[in-house]
Amino acid sequence: MIRENKLKKIIKDGGYAIGTFVKMNDPASVEILGLSGLDFFVLDNEHVAMNRESMTNIVRAADAADIVPIVRVRENYQVEILQALDAGALGVQVPNVDTKEQAEYMVDSVKYNPIGKRGFSPTTRAAAYGLSDKKEYVKKSNENTLIVSHCETVECIKNLDDILKIKEIDVIFIGPMDLSQSLGVIGEANNPKVIEAIDLIIEKVKAANKAIGIVSTPEKAPEYIKRGVQYLLISTDQGMIASTAKQILKVVEGGME
């Protein structure tokens with residue numbers, strides 16, 4: 001049941017991938033994003049109330065539309081990570097990973113033995129409900145599951161050198177809004193303190209030969225890509241609807257003048 005994670009392959013091959021946050025419960029949202037050509041999406045379980053059934057159906061829709069499903073879990077907690085991956089997500093994005101110990105716990109929760117300590121059930125959706133060869137499933141899961149670790153606090157920046165030594169982490173994701181809060185300039189993504197912190201994180205991650213992820217605007221994305229950012233999240237499914245609706249009204253009203 002585990003398919004090749006094309007997002008992980010793009011990153012490994014040195015390319016960049018464009019995705020968005022998904023905050024709506026309707027699987028059609030994900031199908032549309034996949035059919036539109038986006039590489040991946042991050043299902044935002046941290047900021048949106050969503051039950052497990054909805055999450056599973058959205059991951060199922062991602063498989064149908066050939067878009068990579070990543071789940072941003074509510075917290076760095078074993079059961080949160082386990083249930084997202086057992087539903088068939090091809091990776092997790094984990095907030096509030098500020099120390100090496102927290103990062104090691106995250107890896108243990110994602111990977112099966114001998115790499116980690118993820119709870120093993122061979123009858124989950126990810127394991128084809130028991131129809132997969134058990135050893136082959138474990139091997140594919142360990143190979144294909146993407147680990148995206150947030151860096152969004154001053155504490156994380158202080159501990160980043162140690163976190164980057166953990167081989168299994170694929171992407172360090174910069175959260176500018178949470179970073180602005182930690183730096184005492186909440187909501188000011190363009191504040192010099194935030195920009196300086198982002199530059200420092202990018203420098204450290206590149207030096208460690210890991211991938212960098214960040215929230216971006218379409219206009220800013222090319223600049224980030226030129227700087228080596230590989231994992232770009234632009235807007236949300238809700239945001240795309242809102243911005244398109246506003247643009248339609250603007251065009252119509254402009255034509256009436």
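Author: Helices (H or I, at least four residues) and strands (E, at least two) are DSSP runs, numbered from the N terminus. The model is a predicted one, in which local features need pLDDT of at least 70 and side-chain atom pairs count only at pLDDT 80 or more, while totals for chains, interfaces and linings use all residues. Residues are numbered from 1 along each chain as its sequence is written, and side-chain values use heavy atoms, with hydrogens and water left out.

Reader: In what order do the eight strands close into a barrel?

Author: Strands of a sheet pair through backbone hydrogen bonds, either parallel or antiparallel. Two strands are said to pair if DSSP finds at least two bridges between them. Here the eight strands close into a barrel in the order S1-S2-S3-S4-S5-S6-S7-S8, with parallel pairing. From one strand to the next, the twist averages 25 degrees; such angles run from 0 to 180 degrees between N-to-C directions, and axes are lines fitted to C-alpha atoms, for helices over the stretch in contact. Helix H11 (residues 237-255) packs on the sheet, where it touches S1 and strand S8 (231-236), and its direction makes about 50 degrees with that of S8. Touching here means contact, that is, heavy atoms within 4.5 Å.

Reader: How many bridges join S2 to strand S3, and how many pair strand S1 with S2?

Author: Strand S1 (residues 17-22) pairs with S2 in the parallel sense over four bridges, and Val 22 has Leu 43 of S2 as its bridge partner. Between S1 and S2 the chain passes through helix H2 (residues 27-35), and this β-α-β crossover is right-handed. A crossover is given that hand if, with the strands pointing away from the viewer, the path from the first strand over the helix to the second runs clockwise. On to strand S3 (residues 68-72), five bridges join S2 in a parallel run, with Phe 40 opposite Val 68. S3 and S4, in turn, pair in the parallel sense over three bridges, where Val 71 is partnered by Val 92.

Reader: Why is strand S2 described as largely enclosed by the rest of the structure?

Author: Buried means under 20% relative accessible area, exposed over 50%, and partly exposed in between (1.4 Å probe, protein chains only). Five of the five residues of S2 (residues 40-44) are buried, so the strand is largely enclosed by the rest of the structure. Phe 40, Val 42 and Asp 44 point one way, Phe 41 and Leu 43 the other way, and all are buried.

Reader: At which angle do the axes of H4 and H5 cross?

Author: Two packed helices are described by the angle between their axes and the distance between the axes. The axes of H4 and H5 come within 9 Å and cross at roughly 35 degrees. Their crossing is right-handed; a crossing is left-handed if the near helix is turned anticlockwise from the far one by less than a right angle, and right-handed if clockwise. Gln 78, Ile 81 and Leu 85 of H4 meet Tyr 105, Met 106, Ser 109 and Val 110 of H5. The buried residues of H4 pack against H3, S3, S4, H5 and H6.

Reader: Where is Asp 98 placed, and is Asp 98 buried or exposed?

Author: Asp 98 lies in the loop between strand S4 (91-94) and helix H5 (100-110). With a relative accessible area of 10%, Asp 98 is buried. Its side chain makes a polar contact with that of Thr 153 (2.8 Å). A polar contact is a pair of N or O atoms within 3.5 Å; within protein, one must be able to donate a hydrogen and the other to accept it, and residues adjacent in sequence count only if both atoms are side-chain atoms. Beyond its neighbours within four places in sequence, Asp 98 is in contact with Thr 153, Glu 155, Cys 156, Asn 159 and Ile 163.

Reader: Which value does phi of Tyr 129 lie near?

Author: Most residues other than glycine have a negative phi, and most peptide bonds are trans. Phi of Tyr 129 is positive, near 55 degrees. Tyr 129 sits in the loop between H5 and H6 and is partly exposed, with a relative accessible area of 47%. Pro 114 is also placed in the loop between H5 and H6, and a cis peptide bond joins Asn 113 to Pro 114, with omega about 15 degrees.
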